[in-house]
Amino acid sequence: MLKLAPSILAADFSKLAEEVQCVEQLGADYIHIDVMDGHFVPNITLGPGLIKCLRPHTSLPFDVHLMIENPDLFIQDFKEAGADIITVHVEACRHLHRTLQLIKQNGMACGVVLNPHTPLEMIKHVLHEVDWVLIMSVNPGFGGQTFIPEALNKIAILNEWRKKLELSFLIEVDGGVNEQTARLCEEAGADVVVAGSAVFNAPNRRVAIEQIKG
Ligand code: DX5
Ligand code: ZN
């Protein structure tokens, strides 16, 4: 069974506390929080202040997906706000290894994210350092986009590498995940899927969450 991290990007921002409590009660495993800075991606969302306000309202781990430039400047702020897992884009990190160390030194799990066009080779030499690898199955910036099928090849190859290297990082997939694409991700070797619109816009969130997890 897949683990599910609903993305609050698709939730009602005017009542986020209720929204996270709702998906927690319905079986979500993590809360996925999309942080966008208007530079790395063409959209702006939220920052540590909001995460701090949300922290007391759920006991689920916060999976914080940083789509920002210079993430090193903010790692400590996200820790203080209550982040449990921080994932950074390989495309945004000039010194990726250093950034991953910084996340770990701050007591959080660390993950690396790849855009759809970025080859897996870019992270080969840090795989032994990461707790999570996040494969983008859309171009980051917006919810509600269509799943890019080539992501499945990437997941399968990464899963092979993981076995061969005897590593235990989790493989997470983000973008365009619904009941159908979740099954394809699972077959390819994913452990965790992110779903925004397929959860928060579903007519019945309980059914959506059950079906995505499988
Ligand atoms: C896109 C974000 C995703 C987004 C997914 O940049 O990283 O987490 O919220 O939304 P859906 O599930 O609607 O594609
Ligand atoms: Zn995301």
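1. Basis. This is a predicted model; local features need pLDDT of at least 70, side-chain atom pairs count only at pLDDT 80 or more, and totals for chains, interfaces and linings use all residues. Residues are numbered from 1 along each chain as its sequence is written, while chains are lettered from A and ligands numbered from 1 in the order in which they are written.

2. Ligand shell. There are 21 residues around ligand 1. A residue is near a molecule or strand if its C-beta atom, placed from the backbone, lies within 6 Å of it. S7, P140, G143, G196 and S197 come nearest. By type, the shell has eight nonpolar, 11 polar and two charged residues. Here Ala, Val, Leu, Ile, Met, Phe, Trp, Tyr, Cys and Pro count as nonpolar, Asp, Glu, Lys and Arg as charged, and the others, Gly among them, as polar.

3. Elements at the ligand. β2 (31–36), β8 (192–195) and α7 (197–200) each give at least two residues to the shell around ligand 1. Helices (H or I, at least four residues) and strands (E, at least two) are DSSP runs, numbered from the N terminus.

4. Annotated positions. The unreviewed UniProt entry marks H32, D34, H65 and D174 as "binding site". These positions spread over 143 residues of sequence, yet they cluster in space, with a largest C-alpha distance of 10.5 Å. The UniProt record also places "active site" at D34 and D174. That pair spans 141 residues of sequence, with a largest C-alpha distance of 10.5 Å. UniProt positions are given in the numbering used here, feature names are shortened, and annotations may be inferred rather than shown by experiment.

5. D34. This residue sits in strand β2. D34 is buried, because 24 other C-beta atoms lie within 10 Å. The cut-offs are 20 or more other C-beta atoms within 10 Å for buried, 12 or fewer for exposed, and partly exposed in between, with C-beta atoms placed from the backbone. Leaving aside neighbours within four places in sequence, D34 is in contact with S7, L9, T45, H65 and M67. Contact means that C-beta atoms, placed from the backbone, lie within 7 Å.

6. H65 and D174. H65 belongs to strand β3 (residues 62–67) and counts as buried, with 27 C-beta neighbours inside 10 Å. Beyond four places in sequence, its contacts include H32, D34 and D174. D174 is in strand β7 (residues 170–174). D174 is buried too, with 25 other C-beta atoms within 10 Å. Not counting residues up to four places away, D174 touches H65, L134, M136, S137 and V194.

7. Helix α1. Which residues of α1 (residues 16–25) are buried? They are E19, V20 and V23. They cover an arc of only 95° around the axis, so they lie on the same side of α1. The arc is that of the directions from the helix axis to the C-beta atoms. On the other side, A17, E18 and Q25 are exposed. The buried residues pack against β1 (3–6), β2, α2 (48–54), α7 and α8 (205–213). Just after α1, G27 takes a positive phi of about 110°.

8. Core. The largest nonpolar core has 66 residues, of which I86, V193 and I212 touch the most other members. Such a core is a set of buried Ala, Val, Leu, Ile, Met, Phe, Trp, Tyr and Cys residues joined through C-beta atoms within 7 Å.

Conventions: Two residues are in contact if their C-beta atoms, placed from the backbone, lie within 7 Å.
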